[in-house]
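I opened a new page for this chain. My plan is to go from the whole to single residues.

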Amino acid sequence: EEHLADQIRQVEREKASALKEIEELQTRCSELTQKCESFEMALASAETTKRLAESELHGYKDQLRNLERELVSAREAVQRSSVQSEGAGKESEDLKHKLQLVTQQLAEAQQKANSQIER
């Protein structure tokens, strides 16, 4: 009878230990579930940010292409004006100024596009 009582107490201790371990595992599982949900939200936010950055980069690339076209056009106009009469001197200076502005805008657009790419 004493032996049976010892066995019952041992089984009770093991049961209590197992229940405590189950409770600890459930707590850990809950913590991990919360972390997972937090990571999923962060990932969704990062994906949204990435899509916005890609859209902005696309806009910069379009702007860059337009500025490159303007630059080519301005260079062609400068070349045409340089072979025209002396009376076209002012037009040539205006076009050279426009060429400088477009070149500057092109450089700025390239910097913006590069900074977007680096992000």
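Ground rules next. This is a predicted model, where local features need pLDDT of at least 70 and side-chain atom pairs count only at pLDDT 80 or more, while totals for chains, interfaces and linings use all residues. Residues are numbered from 1 along each chain as its sequence is written, and side-chain values use heavy atoms, with hydrogens and water left out.

**Overall form.** I found 2 helices and 0 strands. These are DSSP runs, numbered from the N terminus (helices: H or I, at least four residues; strands: E, at least two). I then checked the extent: the C-alpha trace spans about 125 × 15 × 15 Å along its principal axes. The radius of gyration is 36 Å, whereas a compact globule of 119 residues would have one near 14 Å. That radius is taken over C-alpha atoms, and the globule rule is 2.2 Å times the number of residues to the power 0.38.

**Burial and contacts.** I noted that 15% of the 119 residues count as buried. Buried means under 20% relative accessible area, exposed over 50%, and partly exposed in between (1.4 Å probe, protein chains only). Of the contacts between residues at least 6 apart in sequence, 72% join residues at least 24 apart. A contact means heavy atoms within 4.5 Å.

**The core.** I looked for the largest nonpolar core and found 11 residues, among them Leu64, Leu71, Leu95 and Val102. Helix H1 (2-82) and helix H2 (89-118) each give two or more residues to this core. H1 gives the most, with 6 residues. Such a core is a set of buried Ala, Val, Leu, Ile, Met, Phe, Trp, Tyr and Cys residues joined through side-chain atoms within 4.5 Å. What does valine 102 touch, not counting residues up to four places away in sequence? I found Leu67, Glu70 and Leu71.

Threonine 33 is found in helix H1. Threonine 33 is partly exposed, because its relative accessible area is 37%. Its C-alpha atom is 66 Å from that of aspartate 94, 61 residues apart along the chain. Serine 55 also has its place in helix H1. Serine 55 counts as partly exposed, because its relative accessible area is 49%. I set serine 55 against leucine 43: 12 residues apart in sequence, 18 Å apart C-alpha to C-alpha.
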